[in-house]
Amino acid sequence: MELTISTPALLFSTVSLLMIAFTNRFLAIASLIRDLHDKFRTNPEIVYVDQIRNLHRRLRLIRNIQILAVLSLLVSAISMALIYWDKQLVASYLFGLALVLQISALVVSVVEISISINALQIELSDMEKELGHRRFDLFALRSRPATNSDLPN
């Protein structure tokens, strides 16, 4: 397979989108951690520590996603330079590596998103208990106006 100089450039837009999305997630989680830390200082409860621990784990995953994405971008750029210098074989191996790095970043992002969803399910579980539902169904609760019979006694 012969690569053209534009083939590795295809990864640039994907990496850019990943970086924007996960930088925003990073900033939101960092803000949550600061808020939870303030709450902990005024009312030291273990639930805040557990939440901060979970968020800290997610921050590490996001850092790893960003590192993998940046490495993918760097290797793609090197691959483009090698194509320019007519080093097709090395360029194709590096492009393959860039793809592996990109795939790895996407896999880690799925893990981080799964942790995020699990944390939300745990957070909403107390509402399930109070409302008497087996699972929290946001859309079912939104689809009809709340009545007094929907509220816990």
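Which helix is Gln102 found in? Gln102 belongs to helix α3, which covers residues 88-131; helices here are DSSP runs of H or I with at least four residues, strands are runs of E with at least two, and both are numbered from the N terminus. The model is a predicted one, in which local features need pLDDT of at least 70, side-chain atom pairs count only at pLDDT 80 or more, and totals for chains, interfaces and linings use all residues. Residues are numbered from 1 along each chain as its sequence is written, and side-chain values use heavy atoms, with hydrogens and water left out.

The protein contains four helices and zero strands, giving the pattern α-α-α-α along the sequence. Of its 153 residues, 25% are buried, where buried means under 20% relative accessible area, exposed means over 50%, and partly exposed falls in between (1.4 Å probe, protein chains only). Contacts are taken as heavy atoms within 4.5 Å. Among contacts with a separation of 6 or more, 72% are between residues 24 or more positions apart. The protein exposes about 10,600 Å², and carbon and sulfur atoms supply 64% of that area, as computed by the Shrake-Rupley method with a 1.4 Å probe.

Gln102 counts as buried because its relative accessibility is 4%. Beyond its neighbours within four places in sequence, Gln102 is in contact with Leu11, Thr14, Val15, Leu18 and Ser72. Ser6 lies in helix α1 (residues 6-42) and, with a relative accessible area of 46%, is partly exposed. The side chains of Ser6 and Thr4 are joined by a polar contact of 3.1 Å, that is, a pair of N or O atoms within 3.5 Å, where within protein one must be able to donate a hydrogen and the other to accept it, and residues adjacent in sequence count only if both atoms are side-chain atoms. Ser6 and Ile83 are 77 residues apart along the chain, and their C-alpha atoms are separated by 9.7 Å.

The largest pocket has a volume of about 500 Å³. It is lined by 18 residues, of which Gln51, Asn54, Leu55, Ala119 and Glu123 are the closest to its centre. A pocket is an open set of points on a 1 Å grid over the protein atoms alone, where a 1.4 Å probe fits, with protein on both sides within 12 Å along at least five of seven lines; lining residues have an atom within 4 Å of a point.

Terms used. Grid points are joined across faces, edges and corners, and a volume is the space filled by probe spheres set on the points.
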